[in-house]
Amino acid sequence: MTVRRSDLISPVVKGIPPSGIRRFFDIVSEMDDVISLGVGEPDFVTPWHIRESCIYSLEKGYTMYTSNYGLMELRVEIAKYLHDRFGLTYEPKNQILVTVGVSEAYDLALRAIISPGDEVIVPEPCYVSYKPCVSFAGGVPVVVETRAEDGFKLTAEQVEAVITPKTKAIVLCFPNNPTGSTMSKEELSGIARIAQEHDLIVISDEIYGELTYEGVHDSFAALPGMQGRTILLNGFSKAYAMTGWRLGYAVACKEIIDAMVKIHQYTMLCAPIMVQNGAIEALRNGDREMHRMVSQYNRRRKLITKGFNDMGLDCVEPQGAFYAFPSIKKTGLSSEEFAERLLVEEKVAVVPGNAFGNCGEGYIRSSYAASIDDINEALVRMARFVQRYIS
Ligand code: PLP
């Protein structure tokens, strides 16, 4: 019997386009001498003391599974971190789940709470996985478009306008990928009020929480009344330059963590033990190196924002993460045309803004997790490129 090829794949999966970022990197990987401001990861290697603790863990023979929740020692460190930073109290025994990156934590959070047809509010521009994962979990993503004139912050009015009886959750990501915007406690309070009024769950991806440059990061879970309805996600990829280690975590009320663990135990089992040991070291002794990296990003942030504005690309100053999101509208090019021509003509890779949602059209995402020399050279090339298009 022959299988009809078109029937092999689920319609949900078929309906989702491949990531715009990946397509771009495939082109970049085949070219020489490209300065890449495209990737969303630190250009630093994981600090040595963290790598060393992972090596030590292997030497000691820690090569087995851990509890599905993750090593208790790590959960205790996570609880301590959340308490020290935000005054939040979570029970390491059953309110903390160690995952394979924030990526897994986000997927589990959705699958744990969504019933078929539930709506999840996703503010755009946003991280490329947010909408597809809602669809994979059987939900319906409902987009809210943030705007440059609001500093790419989400307003309570925008959220309220799309709420229906089917709304189940809101996804928040501040500091934001791709815009670099942040939201203070006061700015988030309107969204908290709506979550309360409509009994919504808030999935707050705070993976860039340590990367803020003007003021400190406020955790959504620490807003009055919000801890019980927030699934707080965080991880080690960005703050400790540990993207390849694949480690993150989710914290929430016991009922939600129970449900997430149920999926995790049948799919992933646990995160690798030696990686978890590295993360314990990161939380215990990683602050100094992390602050050193953050101060480097801060220098680069100022350099790149000035560079874009000087060449005529309006750029809101990013307050967090390591991305700038300048407008390229004055060039008359679409985001994809801009990124593709820049790559071919000047060998600089950036990501077209529409990869992060339709309202990202007219923008590009440029990472500044690159050396000062690379950023300076990229700015020279980009200024030359932009001059050819701005009349
Ligand atoms: N969330 C956001 C907003 C991101 O930008 C990324 C990676 O770029 C992730 C999650 C994925 O994180 P992890 O490496 O922990 O899976």
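Predicted model: local features only at pLDDT ≥ 70, side-chain atom pairs only at ≥ 80, totals over all residues.
Go to strand 2 next. Strand 2 pairs with strand 8 in the antiparallel sense, over 4 bridges. Show leucine 97, and opposite it in strand 8 you will find alanine 250. In a regular strand, side chains alternate between the two faces of the sheet.

Move to strand 3 (residues 119-124). Its pairing with strand 5 (residues 167-172) is parallel and runs over 3 bridges. Select isoleucine 121 here; isoleucine 170 in strand 5 stands opposite.

**The aromatic rings**

Next, show the aromatic side chains. The whole structure holds 17 aromatic pairs. A pair of aromatic rings is described by the distance of the centres and the angle of the planes.

Select tyrosine 208 and tyrosine 323. Their ring centres are 5.7 Å apart and their planes stand at 80°; planes over 60 degrees apart count as edge-to-face, so this pair is edge-to-face. Tyrosine 208 is in the loop between strand 6 and strand 7, while tyrosine 323 is in strand 9 (residues 323-324), so the pair ties together parts 115 residues apart in sequence. Are these two tyrosines buried or exposed? Tyrosine 208 has 2% relative accessibility and counts as buried; tyrosine 323, at 0%, is also buried.

Now select phenylalanine 325 and tyrosine 363. Here the centres are 5.1 Å apart and the planes are at 5°, so the pair is stacked. Phenylalanine 325 lies in the loop between strand 9 and helix 13 (335-346), and tyrosine 363 in the loop between strand 11 (351-352) and strand 12 (364-367), so this pair ties together parts 38 residues apart in sequence. Both phenylalanine 325 and tyrosine 363 are buried.

**Helix 12**

Tyr297 is also one of the buried residues of helix 12, so select that helix (residues 287-310). At 1.5 Å a residue, its 24 residues should span 34 Å, and the end C-alpha atoms are 34 Å apart, which agrees. Other buried residues of helix 12 include Met290, Met293, Arg300, Arg301 and Phe308. Among the elements that cover the buried residues are helix 5 (72-86), strand 9, strand 12 and helix 14 (372-389). Just after the helix, select glycine 312, which has a positive phi of about 100°.

**Last stop: asparagine 277**

Select asparagine 277 in helix 11 (residues 273-285). What does asparagine 277 touch, not counting residues up to four places away in sequence? The residues that asparagine 277 touches are Ser53, Ser57, Tyr62 and Leu71. With a relative accessibility of 17%, asparagine 277 counts as buried, because the cut-off for buried is under 20%.

How values were computed:
Residues numbered from 1 in each chain as written. Heavy atoms only, no water. Pairing = 2+ DSSP bridges. Helix = DSSP H or I, 4+ residues; strand = E, 2+ residues; numbered from the N terminus. Phe/Tyr/Trp six-rings, centres within 6.5 Å; stacked < 30°, edge-to-face > 60°. Buried < 20%, exposed > 50% of the residue type's maximum accessible area, 1.4 Å probe, protein only. Expected span 1.5 Å × (residues − 1). Contact = heavy atoms within 4.5 Å.
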